[in-house]
Amino acid sequence: MNRASSRLFARFLCLLILQVLVFNQWVLFGSIFPCVYIFFILSYPFEANPQEVTLVGFLLGLSLDLLTQSPGAHTIATLSIAAFRPAVIAISLGLITDFSSIFSRRIKNLNLFYFIGILTWTHQLIYFTVLYFSGEAWLQILTRSLVQFILSGLFIFLVLSLYSRDDS
Amino acid sequence: MQQIINALLRNLSLVLYLVLLGFALIFLSNRSFYHQTQMYRLGMGISGWLHQGSKSLTQYFELERENEILQRENLALVNQLLKGKDSFAAQTSYLGYRAIPADLIQKSYHSPKNVFIADQGSRAGVQKEMGVIGAKGVVGIVNQVTPNFASIMSLLDIDLSINAAFQKNGAFGSLYWTGKDPQAFELKDISIINPVRIGDTIVTGGMSTYFPKGIPLGQVTAYESDRVQGYHQIQVRLFGNPTVLNQVYILENFGRSELDSLKNIRP
């Protein structure tokens, strides 16, 4: 395992443990909590193979579902944003990008906001849709996903600010 | 074949996503009973719409046979009315039920647990656990409801037992499908102190809240008496053929909530 892979593996474990032990305990209004673990999918290197990202997303969601005894909504939501990530990179950062990851200083703040915002909200929307799994609960799905999106987005930007951004 | 493999390889990301999504959905339905039920309802809704479309196409060609069945059903009803006092007694036991007419839009007969789908749902007042009857007897019990459709746990389900009784003396037991011939059933739990004759009529026992007492079910074709256990094993052949059913009546029991509340009271 090279240095980059070790760093990714360590980030995977840290975010998973933090999510299970810390963020999942901060429950507001019954079921709202910050989903910070998706920072792993957001920060995964852009040049990575899309199938690899999809598989990693599936494993991340599955691990969280198994550790938190949740029915499987994290797996589906995380797998989906991992699969949609290449399309969201193209939409928010441009079709031809030479950035290596979200840590690149050359990414404009607005583009970074779009990238994180689209993937985070998509995740929350899929998460609550799977959790409720009923068309009659559309209003709860919308409102809860919006509140959780704002909360998760704030924490994700906070975590991002802890990293030093480079010129890659 | 090579072209299919090439197409799959071209869309490897999408294929991988769909395969993993399939795994995730199986994982979800195995871990949560709520999601399992919701997925079943969703599948039933989609299948209902699809079959309703094909049903409206084929319905026209079946009109003649349907008319024939309806005429026979009418004749049987008129005869019952003309029979006088005995049939009046039978009629009164149907009181307290309301029938909701429905068409079966999907039927299966080939598995040990067959399910029918009817084209009436909660909008028409159908609820879970309502009994369903056809022109010639019991069809099944409603087990899932969406606004427009109802899924019926058919009598052709090896796990379903119906409270059934002898018309002649009221001795009751449970009627099960044997799992092979759609008209071959078995009546269990009838004590050997009750005399049995081949040709005896079996009707609904009225001991459940699903069906009123006295709906004709079938006739005894064979029986064995187990002296050790003290029960008869009775083979029953249904009057109707459940595989040719199209029109059914879903029964609403007005007294069910009251009866259920009585059952829940513990001394």
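Me: What is the relative accessibility of B:Lys113, and what does it count as?

Reply: B:Lys113 has 42% relative accessibility, so it counts as partly exposed. The model is predicted: local features need pLDDT of at least 70, side-chain atom pairs count only at pLDDT 80 or more, and totals for chains, interfaces and linings use all residues. Residues are numbered from 1 along each chain as its sequence is written, chains are lettered from A and ligands numbered from 1 in the order in which they are written, and side-chain values use heavy atoms, with hydrogens and water left out.

Me: Which side chain meets that of B:Lys113 in a salt bridge?

Reply: Side chains of opposite charge can pair when their charged atoms come close. The cut-off here is a side-chain nitrogen of Lys or Arg within 4 Å of a carboxyl oxygen of Asp or Glu. B:Lys113 meets B:Asp157, at 3.4 Å from N to O. B:Lys113 lies in strand β2 (residues 113–118) of chain B and B:Asp157 in strand β5 (residues 150–157) of chain B, so the pair ties together parts that are 44 residues apart in sequence. Strands are DSSP runs of E with at least two residues, helices are runs of H or I with at least four, and both are numbered from the N terminus. B:Asp157 is buried, at a relative accessible area of 3%. A network of salt bridges links B:Lys113, B:Asp157 and B:Asp159.

Me: Where do B:Asp181 and B:Arg237 lie in chain B?

Reply: Their side chains meet in a salt bridge of 2.9 Å, N to O. B:Asp181 lies in the loop between β7 and β8 and B:Arg237 in strand β11 (residues 231–238), so the pair ties together parts that are 56 residues apart in sequence. B:Asp181 counts as partly exposed at 30% relative accessibility, and B:Arg237 counts as partly exposed at 34%.

Me: How many aromatic pairs are there over all chains?

Reply: A pair of aromatic rings is described by the distance of the centres and the angle of the planes. Rings of Phe, Tyr and Trp (its six-membered ring) pair if their centres lie within 6.5 Å; planes under 30 degrees apart are stacked, over 60 edge-to-face, and the rest tilted. By this rule the count is 15. A:Trp121 and A:Phe149 form a tilted pair, with 6.3 Å between centres and 50 degrees between planes. A:Trp121 lies in helix α5 (residues 109–132) of chain A and A:Phe149 in helix α6 (residues 138–162) of chain A, so the pair ties together parts that are 28 residues apart in sequence. Ring pairs also link A:Phe33, A:Tyr127, A:Phe128 and A:Tyr132 into a cluster.

Me: Is A:Gln148 buried or exposed?

Reply: A:Gln148 is buried, with a relative accessible area of 0%. It is found in helix α6 of chain A. Contact means heavy atoms within 4.5 Å. Not counting residues up to four places away in sequence, A:Gln148 touches A:Ser31, A:Ile32, A:Phe33, A:Cys35, A:Gln124, A:Tyr127 and A:Phe128. A polar atom of the A:Gln148 side chain lies 3.1 Å from the backbone nitrogen of A:Phe33. A polar contact is a pair of N or O atoms within 3.5 Å; within protein, one must be able to donate a hydrogen and the other to accept it, and residues adjacent in sequence count only if both atoms are side-chain atoms.

Me: What do the buried residues of α3(A) pack against?

Reply: They pack against α1 (3–21), α2 (39–43) and α4 (73–93) of chain A, together with α2 (12–31) of chain B. Among these buried residues are A:Val53, A:Phe58 and A:Leu64. At the start of α3(A), a side-chain oxygen of A:Asn49 reaches to within 3.0 Å of the backbone nitrogen of A:Gln51. After α3(A) comes A:Gln69, with a positive phi near 55 degrees.

Technical notes: Buried < 20%, exposed > 50% of the residue type's maximum accessible area, 1.4 Å probe, protein only.
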